[in-house]
Amino acid sequence: MNPSSKSEHMSQLRSKVVARGYSSATSCYVESARGAVVRDVDGREFIDFAGGIGVMSVGHSHPKVVAAIKDQAEKFTHTCFMVLPYASAVKLAEKLCAVTPGSFPKATLFINSGAEACENAVKIARYYTKKPAIICFENGFHGRTLLAMSLTSKVKPYKFGFGPFAPEIYRMPYAYCYRCPFGLKYPSCDVACADYLKKFFISHVAAERTAALIAEPVQGEGGFVTPPPEYFPKLNKICHENGIIFIADEIQTGMGRTGKMFAMEHWKVEPDLMTVAKSLAAGMPLSAVVGRKEIMDAVHPSGVGGTYGGNPVACRAGLAVMEIFEEENVLQKAKVLGKKLRERFDTLKKEYELIGDVRGMGPMLALELVKDRETKEPAAEEAKAFVKLCYEKGLIILSCGSFGNVIRTLMPLVITDEQVERGLAIMEDGFAALSK
Ligand SMILES: Cc1ncc(COP(=O)(O)O)c(C=O)c1O
């Protein structure tokens, strides 16, 4: 970075006044962003394949979202829904109840972040079932607050040094077919990883003590790990046979990210409870738990909630997002984008040995990098170098995965063809440079 640049000055100040643990993936400072393009304070332009970690489905500063925020801010910015309620939260709750999978009656709770949504889903499940245990998964990510961090799998950086963790959390292997924890191959495995839940009740925690199982349909931070079609129907069935609430954490997969409004639709599973955040309100801090009305309503009044949950400005942004999805056919755009990306990534895989696996759903796609396709040794340094190369050429892209060796795409779903092509060209150059 040019030492006299505005970004560098800001970096110097930041190192003095911003906590080190609250780090950033890039070193530029944003001035403005629109659609899938971000500009920094030094006038550099970036194509955004990260979307603020999958938050900007409708694009940065969509005019409709901006207008809704401005209009609401001029009327009132906060009363606390738990003191003086307002219509936008009720209308957005109605929308969420309608668009989430499941034709049964539902209810919605608004809070602020993804972690808070996971915490509340667990609280509600425990309250309803009067049972303590929660089953979660290896490679899972559910946030950074105490309970959410305890549900999260990856130790460094998320858990290291932050214990002790919340009790009554039990972790089982996930359907990571590329690195099957059972050493099996799909489909001859018959999805034994899902049936394993029955053995888990014997060796880890009794079904009679288990309130809920929480799973991401496609593991986000864990590396876009995508289970086969039989996986969630099997898990859901075992849960229901044992009075266990099935919670789908759709915080990263939801709001069109996988080409359907919610990823569980791909598996035709109707979760009892769902957590939603990220693209729900185009960057305004808003999250939700949505689910079966009898479960959601079990909790006594004031048992859940918070000062800011369902903030009116955030709810108006959320309503604008819902309108944009309908008016601009965002789901169709996501499907087309997903198809294009998949074709290009499959071609890259044929060309570069470094790419061991291409996976994901719709435009939520990932490339797992390996040093050797036989041993599947994770290529974490290469992934890091790739992200840096892309950044230097004007593309913001993120890595993920338990080994840090997975490159993922979370761009705005409204990205233009020309912008996708610019981004893909940078990715292609990046792989060429790394494979020299
Ligand atoms: C699946 C999933 N759950 C929960 C979270 C936590 O959300 P937040 O960072 O808003 O607390 C995330 C964030 O990446 C996520 O991807």
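Reply: The protein chain has 13 helices and 15 strands, where helices (H or I, at least four residues) and strands (E, at least two) are DSSP runs, numbered from the N terminus. Its radius of gyration, taken over C-alpha atoms, is 21 Å, close to the 22 Å that the globule rule (2.2 Å times the number of residues to the power 0.38) gives for 436 residues, so the chain is as compact as a globular protein of that length. Bear in mind that this is a predicted model, where local features need pLDDT of at least 70 and side-chain atom pairs count only at pLDDT 80 or more, while totals for chains, interfaces and linings use all residues. Residues are numbered from 1 along each chain as its sequence is written, and side-chain values use heavy atoms, with hydrogens and water left out.

The C-alpha trace spans about 60 × 60 × 45 Å along its principal axes. Of the 436 residues, 54% count as buried, meaning under 20% relative accessible area (1.4 Å probe, protein chains only). As for contacts (heavy atoms within 4.5 Å), residues 24 or more positions apart make up 72% of those with a separation of 6 or more.

Now for your sheet. Four strands form it, in the order β1-β2-β3-β13, and the pairing is mixed. β1 and β13 (395-396) stand at the edges with a single partner strand each, so one side of each is left without a neighbour in the sheet. Two strands count as paired if DSSP finds at least two bridges between them.

Start at β1 (residues 30-34), which runs antiparallel to β2 (residues 37-40) and is joined to it by four bridges. To find your place in that pair, look at Ser32: its bridge partner in β2 is Arg39. The hairpin here has two residues between the strands, and Gly35 takes a positive phi near 60 degrees in it.

Carry on along β2 and you come to its pairing with β3 (residues 45-48), again antiparallel, this time over three bridges.

Technical notes:
Buried < 20%, exposed > 50% of the residue type's maximum accessible area, 1.4 Å probe, protein only.
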